[in-house]
Amino acid sequence: MMYAKIDYQGNVVEFPYRELSMPDFRPEQEIPADAVEVDTQTNRPADEWDKKLFYDNVEKIGDTYILNYRIEERFSNPEDRVNRFRQLVTEKRARNERWLEEKSAELNNTYPFSEQQSWAIQREEALKFSEDDPNYVPPLLSVIAENRGITISEMVSKVLVNVDFYNNSFGAILGKYQKNKDLLNSVDFDVEDSWSNFYLVTWE
């Protein structure tokens, strides 16, 4: 919470209110009568990596005091601006790689590791069985089905459902990762029009 100091007519004479901005000020302390809360969010511009925000003035609208901002360029040297943007792209690339690892691990962790080791075999046997070869008995799935007390057909159906679920889930993760990677790779630091692709990267 930020406060402004006002005079008896309600005009702002100090912002921020120094006394209430000190490090040792605690929220439970009594607020002076000449202090008013200031809305710092309504007129706040979106943060931009190459811009700096400064407090401009506090405007009174009705009974509300609203902070206005002034925007200035962060970089006076174009080369410094490009270098900073290059760093941001590198950071976002690293984040994209971490996101892929985390989401893949999160998906894989829903299955025991020992079960994961047999996925390829289970999938191969289920697909082969589903081709309606009357003479094919899947070695692994038939044993699993027998111990679960279900038919081989039921076991194959369960495996195929799991295969579809995993493929759809991992496909969504991989597709988003690759789209972000393509967007970041399309950024040309010498062509500023391409920089807009940086802002299209999302993990939502």
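A cavity here is a set of grid points where a 1.4 Å probe fits but cannot get out. This is a predicted model, so keep that in mind. How much space lies in the largest cavity? About 30 Å³. The count is 1 cavity of 30 Å³ or more. Its lining is Pro-45, Ala-46, Asp-47, Glu-48, Lys-51, Leu-53 and Ile-71. That splits into 4 nonpolar, no polar and 3 charged.

Next, helix 3, residues 119-129. Gln-122, Glu-125 and Ala-126 are buried there. They sit on the same side of helix 3, because they cover an arc of only 100 degrees around the axis. Ala-120 and Glu-124, on the other side, are exposed. What covers the buried residues? Helix 2 (113-116), helix 4 (139-148) and helix 5 (152-185) are included in the cover.

Last, the aromatics. The whole structure has 12 aromatic pairs. Take Phe-85 and Phe-198: edge-to-face, 5.1 Å centre to centre, 65 degrees between the planes. Phe-85 lies in helix 1 (residues 78-108) and Phe-198 in the segment after helix 5, so this pair ties together parts 113 residues apart in sequence. Phe-85 is buried, at 0% relative accessible area. Phe-198 is buried too, at 7%.

Another pair is Tyr-111 with Trp-119. That one is edge-to-face, 4.7 Å centre to centre, with 85 degrees between the planes. Tyr-111 is buried at 15% relative accessible area, while Trp-119 is partly exposed at 23%.

Finally, one aromatic cluster: Trp-49, Phe-75, Phe-85, Phe-189, Trp-195, Phe-198 and Tyr-199.

How values were computed. Residues are numbered from 1 along each chain as its sequence is written. This is a predicted model: local features need pLDDT of at least 70, side-chain atom pairs count only at pLDDT 80 or more; totals for chains, interfaces and linings use all residues. Side-chain values use heavy atoms; hydrogens and water are left out. On a 1 Å grid over the protein atoms alone, a cavity is a set of points where a 1.4 Å probe fits but cannot get out, and a pocket is an open set with protein on both sides within 12 Å along at least five of seven lines; lining residues have an atom within 4 Å of a point. Grid points are joined across faces, edges and corners, and a volume is the space filled by probe spheres set on the points. Ala, Val, Leu, Ile, Met, Phe, Trp, Tyr, Cys and Pro count as nonpolar, Asp, Glu, Lys and Arg as charged, and the others, Gly among them, as polar. Buried means under 20% relative accessible area, exposed over 50%, partly exposed in between (1.4 Å probe, protein chains only). Helices (H or I, at least four residues) and strands (E, at least two) are DSSP runs, numbered from the N terminus. The arc is that of the directions from the helix axis to the C-beta atoms. Contact means heavy atoms within 4.5 Å. Rings of Phe, Tyr and Trp (its six-membered ring) pair if their centres lie within 6.5 Å; planes under 30 degrees apart count as stacked, over 60 as edge-to-face and the rest as tilted.
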